[in-house]
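Hi,

Here is the structure I promised to pass on.

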Amino acid sequence: MNKSILGLDKTKSANLVYSLNGLLANFQIYYQNLRGLHWNIKGKNFFELHVKFEEFYTDSQVKVDDIAERILTLQGKPLHTFTDYIKRHSVPVGKDISNDVEGVELVVNSLSELLKIEREILNFQMKQMMKEQIL
Ligand SMILES: [Fe+2]
């Protein structure tokens, strides 16, 4: 087995880095969606949503950094350009959304996709760990 200086299987680490970069790309799109919503939202719920979108993008920013630093720990290189993010994303991109219902729907749909991606990564890792315990 080809191991890194941390004692991790290099192939498995590279696969996980690839998956985490996908998650990172999607969080960056989600973050930018929230910025757009924070700036453009209109209507009777403006004050509540303006603040809530800021709370969400601040939280997202922390998660982006956590994911990137995890990739670095695995000796990978975190994606850091919008060109790469656009290639890897599956969360919807929200453009010029000012309607409150549409804005909240974008957030819900984005979170749903992020959860799906996270579950896929966790399930894959769990299966690998179970295989290793059997062997
Ligand atoms: Fe602001």
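This is a predicted model: local features need pLDDT of at least 70, side-chain atom pairs count only at pLDDT 80 or more; totals for chains, interfaces and linings use all residues.

Residues are numbered from 1 along each chain as its sequence is written.

Helix α1 covers residues 10-40 and helix α2 residues 46-73 (helices are DSSP runs of H or I, at least four residues, numbered from the N terminus). The two pack at an angle of about 160 degrees, with axes 9 Å apart (axes are lines fitted to C-alpha atoms over the stretch in contact, and angles run from 0 to 180 degrees between N-to-C directions). That makes α1 roughly antiparallel to α2 (angles over 145 degrees count as such).

α1 also packs against helix α4 (residues 100-134), at an angle of about 170 degrees and with axes 10 Å apart. These two helices, α1 and α4, are therefore roughly antiparallel as well. Among the residues making this contact are Leu23, Phe27 and Tyr30 of α1 and Leu106, Leu114 and Ile117 of α4 (contact means C-beta atoms, placed from the backbone, within 7 Å).

Which residues of α4 are buried? They are Gly103, Leu106 and Ser110 (buried means 20 or more other C-beta atoms within 10 Å of the residue's own, again placed from the backbone). The buried residues of α4 pack against α1 and α2.

Happy to talk it over!

Best wishes

Notes:
Angles under 35 degrees count as roughly parallel, over 145 as roughly antiparallel, 65 to 115 as roughly perpendicular and the rest as oblique. Two residues are in contact if their C-beta atoms, placed from the backbone, lie within 7 Å. A residue is buried if 20 or more other C-beta atoms lie within 10 Å of its own, exposed if 12 or fewer, and partly exposed in between; C-beta atoms are placed from the backbone.
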